[in-house]
Amino acid sequence: GGDNYSNTTVTDHQIIGSPPCIRLLSPISHKLTFKMQHSALLCCFVAASLVGDAAVGAFSVKEAESGVPVIPTGDLKLFDPNESALLQGTNVLSERVSSGSKFTIAPSQTIVDRPPAGAAVRDAQHFLEHLDAHGELPLNFAKPNQPVTATVLGRTKLIDDDAPGDIEHVVLKLPKGFHYVEGQSLSLIPPGVDAKSGRKHKPRLYSIASTRYGDVLDGNTISLCVRRAEYVDPVTGEKDPAKQGVCSNFLCDVRAGDEVSVAGPVGKTMLLPKDSNTDIIMIATGTGIAPFRGFMHRLFMENTLARHMFGGRAWLVLGVPVTGGLLYKEEFDCMQRNAGADQLRIDYAISREMTAKTGGKMYVQNVIAENGREVFDRLDNGAVIYFCGLKGMMPGILDSLEEVAASQGIVWSEKLAELKKNHQWHVEVY
């Protein structure tokens, strides 16, 4: 290329004309070697300008031994420089071809070294956007049999004292190079040994509650939403330490500076859609909010390309027992202020304080039932629906969806199969 001359050999075809009018005609039985300025231009233009009569069109590429298929003039099916090679960013094919070696790149408003006057400029996080940019995911930086050490940066209680149980937000600093994306999970191995087996504890999986940049936005932290697993004797009303959750109690008691053995990340399906214009529906109970907090921070809080490009609608349905148990409500309120009109809808199902239209307590399945037509309309238009929380949430949800489907003349089993086939249905329960 450039202004240098290069030798080009064409096999079994006749070439006529001179730049910029190079055309490939009928096959012949000899080889022709010629010199041509801008050989790269020749290759592009020949590929885009193949011509020939019916005999040429039927001529086999294999028989020609040239590796160049013969196609009608101007089809650009084999190679279109405007589409596949932007000619140094100019995208001006005809001008470059006609100018030949005299072509120069003209100043263009699309190639600038500073923002144009009046443009809004925003700082944007971008240094971890490559993690899933090419269809690959960060997986198993560390495996459970060879965990790495994370350090606790802090922990805070998420719910009021009048709410049942204890739910904590835990922030960990990860080793250098340990990265993840929204919707993945982290394995934690609690210290000590199992009292029954005498072996190290098995890893426990926790849904990640932060974006890839973490709550600190440095790309080296990860957040978890952890409920303390406790067993209360129904007779005595006392807690039984022997039956409490080993890992959850460990995490709910950690202090800044403590070390935690971690592995992962894992997870390939509970991810945001690749198409930034796709609607998402998120159904959560309790700590099942974790992956959706990560989703919503990415779409409505952080200054990333993902947030600025999101053109879909997000709908969150969160179920908790009492108002004091609402998780991350202040953050979600802020997200609703940040979101565009009709872009973020949040419905709470507070079971002990709200009444469903049926007269009973309000659970997430009641929210689905009362908004059934809109749920199905969004799904029919390509929305992706996610479920996260305790296993016990799913039977009631499935019953509600089946009832809504029946009211619309839809066979639910067939609709569910369709959603799964189209990757619109994602469930993560425990």
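## Secondary structure and overall fold

The protein chain contains 13 helices and 13 strands, taken as DSSP runs (H or I of at least four residues for helices, E of at least two for strands) and numbered from the N terminus. The model is predicted: local features need pLDDT of at least 70, side-chain atom pairs count only at pLDDT 80 or more, and totals for chains, interfaces and linings use all residues. Residues are numbered from 1 along each chain as its sequence is written, and side-chain values use heavy atoms, with hydrogens and water left out.

Of the 430 residues in the protein chain, 42% are buried (under 20% relative accessible area, with exposed over 50% and partly exposed in between; 1.4 Å probe, protein chains only). Among contacts (heavy atoms within 4.5 Å) with a separation of 6 or more, 69% join residues 24 or more positions apart.

## Aromatic pairs

Rings of Phe, Tyr and Trp (its six-membered ring) pair if their centres lie within 6.5 Å; planes under 30 degrees apart count as stacked, over 60 as edge-to-face and the rest as tilted. By this rule there are ten aromatic pairs. One of them, Phe-295 with Tyr-386, is edge-to-face, at 5.2 Å centre to centre and 70° between the planes. Phe-295 belongs to helix 7 (residues 290-300) and Tyr-386 to strand 12 (residues 384-389), so this pair ties together parts 91 residues apart in sequence. Both Phe-295 and Tyr-386 are buried.

Ring pairs also link Phe-376, Phe-387, Trp-412 and Trp-425 into a cluster.

## Surroundings of Asp-166

Asp-166 is located in the loop between strand 3 (148-157) and strand 4 (167-173). Asp-166 counts as buried because its relative accessibility is 10%. Neighbours within four places in sequence aside, Asp-166 contacts Lys-157, Ile-159, Val-226, Arg-227, Arg-228 and Cys-252.
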